[in-house]
Structures are given as C-alpha cells and as structure tokens.
Amino acid sequence: MFLKLTKVKEYNTVLSKNFVKITLTAGLLLSSVLVLTRLSTTESVAKAIGAEAALNGGSVTGIVSFPEEYPEKQKITITKDQQVCGAFQYSEVFVVSEDNHGLKNVVITLVDAEGEKKSGGGQTATLNQEGCRYIPHVQALPVGTELEILNNDGILHNVHAYFDGLDPKNTVFNKAQPKFLKKITQKLDKVGTYYFKCDVHDHMSAYIAVMDHPFYAVTDESGKFTITDVSPGSYKVRAWHEALGTLEKEVIVEAGKAAEVNFEILPNE
Ligand SMILES: [Cu+2]
C-alpha cells in the first residue's frame, strides 16, 4: 500500500545503517520548510575545490529513490483564476519516477570540499510563472546570479521570497507582478536557500539553493545526479529535500573515476 499524503506520516530515511527520523507533514509543508531550510544554511560552510584540481578529478554520481513505498501524487484544488491555473494541479513536493521510483528536485551538495569560492556574478537564471506554477520548482545557482522572474500568465501574481525559513521577518523581497509586468530582476546575493511563494495563489512555491562553490546538482526526473570535476579525497555528500529534510553520506573520490552515492528513503514500520 502506498502512503496517503493527507495525514502526517513519518519516514525513516536510511543512511547506510544510520536511521534518521524525519516527520513529514504533506498537508502542512510550510512548517517543515521552516525547519528544513534552516538546516540547509550550513551549506554556507561548504568550500570549493580549486579549479586546477579538476584536471585530475573524479565525479560523484547516484540516485535518490524510494525502494519500497512512495508517496502518491497529491492533487491540489484550485479556487482562484481557474481559467489560467486550471481546476486542480498536482503537487510538486514529491515527483517520483514510475520507472525507478527516483525522486526529483533533491539538492545534492559536496559539503566539505576545500579551495576556491565561486560566484555567478554576471550570470542570469529564470524563474518562470506559467500556468500558476513556478518553473522550475527547485534549482541550484551560484551566488550573485541575477534571477529573472517572469510572468507569462497574464494575471496578477505576487512574488514573495524568503531566505532561511518561511517567516515574515525572513522576507527578502515581496513584489506584486501584475499582468503587464513581464519581468522582475532580483540578485541572489546570499548563500543558502531561498523559498518563493505567491501571495495570490497559495499553492505556488519554489526553492532556489544558492551556492558559493561549483559542487552541487539537483536530481532529475529519475532521481539521478552527477557532480563532476571533483579532486580526489574524502567528502560529505548532503541531500536536501523540501519535505524530507537533510541527509549526509560519506564518499571517497578517486581520480578519473565515478564514485557512487545513493540515498534511499524508507517509510516507518
Ligand atoms: Cu500567483
């Protein structure tokens, strides 16, 4: 039997033999978000490996998946602007591949890589509002990136961005974006996790993990990730998911080789 996400469920997330218990409240994700984004700020202690090391680097690759049960798709009823948003949408909190049960939108970071910092100064990225969704739902970008927030919907959205937790005092910016305002630009100048929410449409949310080093990835539709150009050594790999929280595993990277790190998410007994 698959889990129903209308009730509070507890997951054990398996990290080798260590069990980490995380309370998952699908209907009340905002409270989870508060805790989880706070955890993720320790990413700011991550340091980068020098570019010269990349010449003889290896890679870290793996998959985040549910080997057993996985959450059902959660339907969200839409009550506002149905002509654009539709009558319902599926939640993007758990996007699970039906083929391999891989989990999309997990941010993977090498935590303790050492060396030169990286910035995305001069670089742009996009957060698109289309069909009353933020696209992409989760992304990871270098600090200093100019984020272009687009409104392709022809209706009013209100972009409310928080940093390090969903609390009014953590507001980074809060801007109405009427249909005629197609683009707002915002610099991502803090290392950590930004959380975006639309104050007009409650179901709209997105995350951007901002990094000061190049050793990160976001899992794809199959739950897979790859981080390249890693100099040989021993590292911590951190996986962060908006509802499941943070998990870490150790990895040893050898020159010219791919080190595999997989994260498995198991339900409680
Ligand atoms: Cu909106």
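Residues are numbered from 1 along each chain as its sequence is written. Because the model is predicted, local features need pLDDT of at least 70 and side-chain atom pairs count only at pLDDT 80 or more, while totals for chains, interfaces and linings use all residues.

**Exercise 1. Determine the strand order of the open sheet and identify its edge strands.**

Step 1. Strands are DSSP runs of E with at least two residues, numbered from the N terminus. Two of them pair if DSSP finds at least two bridges between them.

Step 2. With these criteria, 4 strands form an open sheet in the order 16-6-18-19, with antiparallel pairing.

Step 3. Strand 16 (216–218) and strand 19 (245–253) each pair on one side only, which makes them the edge strands.

Step 4. The twist averages 20° from one strand to the next, where axes are lines fitted to C-alpha atoms and angles run from 0 to 180 degrees between N-to-C directions.

**Exercise 2. State how many bridges join strand 18 to strand 19, and which residue stands opposite Gly-233.**

Step 1. Strand 18 covers residues 233–241 and runs antiparallel to strand 19, to which 9 bridges join it.

Step 2. The residue opposite Gly-233 is Val-253, in strand 19.

**Exercise 3. Describe the largest nonpolar core and the contacts of Ile-227.**

Step 1. A nonpolar core is a set of buried Ala, Val, Leu, Ile, Met, Phe, Trp, Tyr and Cys residues joined through C-beta atoms within 7 Å. A residue is buried if 20 or more other C-beta atoms lie within 10 Å of its own, exposed if 12 or fewer, and partly exposed in between; C-beta atoms are placed from the backbone.

Step 2. The largest such core has 54 residues, and those with the most contacts inside it include Ile-108, Leu-110 and Ile-227. Strand 15 (residues 205–211) supplies the largest share, 6 residues.

Step 3. Contact requires C-beta atoms, placed from the backbone, within 7 Å. Beyond its neighbours within four places in sequence, Ile-227 is in contact with residues including Ile-108, Leu-110 and Phe-215.

Notes
Two residues are in contact if their C-beta atoms, placed from the backbone, lie within 7 Å.
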